[in-house]
Amino acid sequence: MALITIAGFPASGKSSRAHQLKAALDARIQGHDAPFKRVAILDDNALGLSRACYDESKLEKPARAALFTAIQRQLAPDTVLIVDSLNYIKGFRYQIYCAAREMKLRTCTMFVVANPELCRQWNSSRQDGNAYAEQTLDNLLVRFEEPSSMVRWDAPLFTVTSDDDDVPAAQIWEAITKGNLKPPNSGTLAVAKAPADALHVLEQTTTALASAIMSASAAQPTGGLTIVATSSGIKASITLPARHITLSELQRLKRQFVTVHKKAITLGTTERGGVDWSEESVANKFVEYVQEHL
Ligand SMILES: *[C@@H]1O[C@H](CO)[C@@H](O)[C@H](O)[C@H]1NC(C)=O
């Protein structure tokens, strides 16, 4: 009936904390009229994922997908599932949260905190084959998206630091046995929704801009151009490279841009902060994207 997501820097002590927590929860289940039968830990090793899968995003993505599939498979009414992995992407924690909500499970997050110096030290002293390559560890520290008690999918959030002797098991027990049980989808409803016509605006604005960029570049093959596009006459200025630009190139960029932003629309939010779905904002973002990728 519960899911506990652990998040923390690489080599910050997450697995030790996961086992501490499991022991404490197991003890509470023994001899009590507990709503659970068992506590299970799901970690990268159980899935045969080596730490090297964080070296490259093309390895990391399927690894994350495998983890998510395993979470869905192991979520069960009589189980407390502890997900012991980096879980450093906000959107991924949101995905886990939604899966748990679908099954009417209580959720909480345990944030294991250690400073980067200590993580590097702990990593270097590892003998278990679970060490991270130097650059990988540094990359993950930079990319880490800290959990926040302000967002529903991370809340309630419990923090345990490297100075703490023990995990806050009593509070976590309270959260997974008595915490608010929201109906499925409440997670989806809770985040700011994109307006209903966002998809339409996205498609239409980018199509109009792509053809405007195409004809502008044909007319004046180089230099900073101010082009006018979209039905309502929104102006977007773009600096094109001094070479011939093909239609297929632009169409490919348009498709990529639309795919990325469609996801944000369907999810009802973007990875970072608020989104402005107005025509003008979409146009500016698209021009930026094209400029960056041409
Ligand atoms: C982590 O430990 C491994 C093995 O000792 C080492 O090769 C690697 O450079 C370490 N990473 C960092 C960031 O220190």
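The model is predicted, so I took local features only at pLDDT of at least 70 and side-chain atom pairs only at pLDDT 80 or more, while totals for chains, interfaces and linings use all residues. I number residues from 1 along each chain as its sequence is written, and side-chain values use heavy atoms, with hydrogens and water left out.

I looked up the geometry next. The axes of helix 2 (residues 57-74) and helix 3 (residues 90-102) come within 10 Å and cross at roughly 20 degrees. Axes are lines fitted to C-alpha atoms, for helices over the stretch in contact, with angles from 0 to 180 degrees between N-to-C directions. Helices are DSSP runs (H or I, at least four residues), as are strands (E, at least two), numbered from the N terminus.

Which residues in helix 2 meet helix 3? I find R64, L67, F68, I71 and Q72 on helix 2, against F92, Q95, I96 and A99 on helix 3. Contact here means heavy atoms within 4.5 Å. By class, I note six nonpolar, two polar and one charged residues in this contact. Ala, Val, Leu, Ile, Met, Phe, Trp, Tyr, Cys and Pro count as nonpolar, Asp, Glu, Lys and Arg as charged, the others, Gly among them, as polar.

I moved to N123, in helix 4 (residues 116-124). Is N123 buried or exposed? N123 counts as buried, at 10% relative accessibility. The cut-offs are under 20% relative accessible area for buried, over 50% for exposed, and partly exposed in between (1.4 Å probe, protein chains only). Not counting residues up to four places away in sequence, N123 touches A11, A131, Y132 and L137.

I followed the contact to A131. A131 sits in the loop between helix 4 and helix 5 (134-143). A131 is partly exposed, with a relative accessible area of 38%. Leaving out residues up to four places away in sequence, A131 touches R51, N123 and R126.

**Whole chain**

The protein chain has 10 helices and seven strands. Of its 294 residues, 47% count as buried. Among contacts with a separation of 6 or more, 77% join residues 24 or more positions apart.
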